[in-house]
Amino acid sequence: MKKYIITAALSLFSILSLSAQSKKDPQVSKLYQNYIAIKSALASDDADKTSKAAAEFIKTASTVDYKLVSEGNLNILRKDATVISDARNIDTQRETFFNLSDNMIALTKEFKLSENPVYVQYCPMAEGSWLSNEKQIVNPYYGSAMLSCGSVKSEIK
């Protein structure tokens with residue numbers, strides 16, 4: 001009997017996970033695109049461009065409905081993006097990008113952020129993950145110093 005209960009529970013969890021992953025929202029997808037702009041600016045070692053991209057992220061986060069993403073989660077995302085936007089130092093921006101990435105990765109478990117696959121990538125040197133639109137590694141934590149350091153850890157479709 002235990003075996004059947006466990007199987008039923010796992011089946012239910014799988015169904016819930018699939019239905020959660022299929023949630024779509026244009027503002028959440030735009031938030032993801034803003035995140036990608038931050039990642040790309042960091043990878044190109046451009047602190048000013050990173051600040052501007054983070055400011056756009058904050059604007060988009062302010063338009064997301066609290067019924068979709070909790071106010072607390074949005075506040076955490078906005079807080080990290082604000083630190084990145086206000087910082088003029090690329091090292092400070094990269095340090096905060098760790099948290100922003102972890103929180104965006106968690107969001108990918110709830111929403112379909114893109115029509116294309118989203119890649120979770122990891123740099124062992126930085127001990128940090130990030131999201132990407134492409135399989136090719138473009139490391140936001142080290143930029144030109146180690147642009148290709150890292151690997152794809154998973155693919156979210």
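In what order do the elements of the protein chain run from the N terminus on? I read them off as α-α-α-α-α-β-β-β, with helices (H or I, at least four residues) and strands (E, at least two) taken as DSSP runs numbered from the N terminus.

I note that this is a predicted model, in which local features need pLDDT of at least 70 and side-chain atom pairs count only at pLDDT 80 or more, while totals for chains, interfaces and linings use all residues. Residues are numbered from 1 along each chain as its sequence is written, and side-chain values use heavy atoms, with hydrogens and water left out.

Next I looked up burial, and of the 157 residues of the protein chain 43% count as buried, meaning under 20% relative accessible area with a 1.4 Å probe, protein chains only.

Of its 38 residues, Tyr35, Ile38, Phe57, Phe97, Leu100 and Met104 touch the most other members. Helices 2, 3, 4 and 5 and strands 1 and 2 each supply at least two residues of this core.

Finally I checked helix 2 against helix 5: they pack at an angle of about 150°, with their axes 11 Å apart, the axes being lines fitted to C-alpha atoms over the stretch in contact and angles running from 0 to 180 degrees between N-to-C directions. The two helices are therefore roughly antiparallel to each other, a label for angles over 145 degrees. Among the residues of helix 2 that meet helix 5 (contact means heavy atoms within 4.5 Å) I list Tyr35 and Ile38, and on the helix 5 side Phe97, Leu100 and Met104 are included.

How values were computed: A nonpolar core is a set of buried Ala, Val, Leu, Ile, Met, Phe, Trp, Tyr and Cys residues joined through side-chain atoms within 4.5 Å. Buried means under 20% relative accessible area, exposed over 50%, partly exposed in between (1.4 Å probe, protein chains only). Angles under 35 degrees count as roughly parallel, over 145 as roughly antiparallel, 65 to 115 as roughly perpendicular and the rest as oblique.
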